[in-house]
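Subject: Structure for you to look at

Hello,

I am passing on the structure we spoke about, and below it I have written out what was found, so that you can follow each point on the model as you read.

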Amino acid sequence: MKMVATWFQARRGLAVGTVVGALTVGKALPFLVKAIPGATIVNVTLSASAGALVAAVLVYVGYREGPYPFPPRKFSWGLVGDVVRERRWRLAMGGYLGHMWELYAAWTWLPVFIAASVVAHDGNASGARAASVIGFLALAVGGIGCVWGGIAADRHGRAWLVNLAMGISGSCALLIGLAFGRSLWLLTPIALVWGFFVIADSAQFSVMVTESVPPHAVGTALTLQTSAGFLLTAGVIQLVPMLAGWWGWAWAFAVLAAGPGAGMLVVRQAAAFVSYGWLVRR
């Protein structure tokens, strides 16, 4: 995200959104591989590993800094303190944590939810391949959501975009349980809408971070943001199957709506600081 940000200023939301969109499609691809007849866990793992290797080669061979580089700075705990004391960063971070409460737990368990719903509806596992394909589509459509989110944020403002995306994705987290065990014609549209909006705002939180701290602190600010976000989501990923065991899959995702709900409150508070020029299109 920092690398691509060196190439853009006015359209940074779209640029970072495109990078996160590529990540989203990459996250979905193993489910498509799994749907291929005869695919094993070895095939799925090798496909993901091959993608990482190709990405490393592309960056090593082709990447160079853009015309708007951020000044390099050696790591220091003092710089961490400077970032944390910045109120704009803390507000962006609060919204991001609400987003991350939902995102990876949804990504991890939505294909499992779909497969369990197929079994509950049909009484057997004959639709496992169809469930994998729908799981792939539900995640991959988020790549389009990221690009759309970048365009919308650059046009209407980041606060507008993240509030819309979190409102819709949180609603889907509450609603999708009502489609459990029912026809795929009912479940699939909700899954696709959720997959589109659950990631559409993700890149914009990172753009907010790049705009809320001095240029020399951008790398540290993004590192703190992503580290805390993934630490949080690691716990929520473990929580969802526990809830499924207690309440059943029909209600396991409802708790994820708390993240977008809290995130919207933080972002609305942050919108009061638009005079700083960090939430709106410049």
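Let me begin with Asp82, which is partly exposed, since its relative accessible area is 42%. Please keep in mind that this is a predicted model. Asp82 forms a salt bridge with Arg85, in which the closest N and O atoms are 2.6 Å apart, and Arg85 is exposed, at a relative accessible area of 58%. Both residues belong to helix H4 (residues 77-85), where they sit 3 residues apart, about one turn of the helix.

A search of the whole structure finds 3 salt bridges, and another of them joins Glu86 to Arg88, with 3.0 Å between the closest N and O atoms. Here Glu86 is partly exposed, with a relative accessible area of 22%, while Arg88 has a value of 17% and counts as buried, because the cut-off for buried is under 20%. There is also a salt bridge between Arg158 and Asp154, whose closest N and O atoms are 3.3 Å apart, and both of these residues are buried.

After H6 comes Gly157, which has a positive phi, near 110°.

Leaving aside neighbours within four places in sequence, Gln204 is in contact with several residues, including Arg158, Gly149, Gly150 and Ala153.

Finally, there are the pockets. The largest pocket has a volume of about 470 Å³ and is lined by 20 residues, with Met1, Lys2, Val19, Val20 and Leu23 lying nearest its centre. Helix H5 (87-122) gives the most to this lining, with 5 residues, and the lining as a whole divides into 16 nonpolar, 3 polar and 1 charged.

The second largest pocket holds about 330 Å³ of space, and of the 13 residues that line this pocket, the closest to its centre are Gly26, Leu29, Ala48, Gly51 and Ala52. Helix H3 (41-62) and H2 each supply at least two residues of that lining, and H3 gives the most, with 8 residues. The lining of this second pocket divides into 10 nonpolar, 3 polar and no charged residues.

Best wishes

Key
Residues numbered from 1 in each chain as written. Predicted model: local features only at pLDDT ≥ 70, side-chain atom pairs only at ≥ 80, totals over all residues. Heavy atoms only, no water. Helix = DSSP H or I, 4+ residues; strand = E, 2+ residues; numbered from the N terminus. Salt bridge = Lys/Arg side-chain N within 4 Å of Asp/Glu carboxyl O. Buried < 20%, exposed > 50% of the residue type's maximum accessible area, 1.4 Å probe, protein only. Contact = heavy atoms within 4.5 Å. 1 Å grid on protein atoms, 1.4 Å probe; cavity = no way out; pocket = protein on both sides within 12 Å on 5 of 7 lines; lining within 4 Å. Points joined across faces, edges and corners; volume = space filled by probe spheres on them. Nonpolar A, V, L, I, M, F, W, Y, C, P; charged D, E, K, R; others polar.
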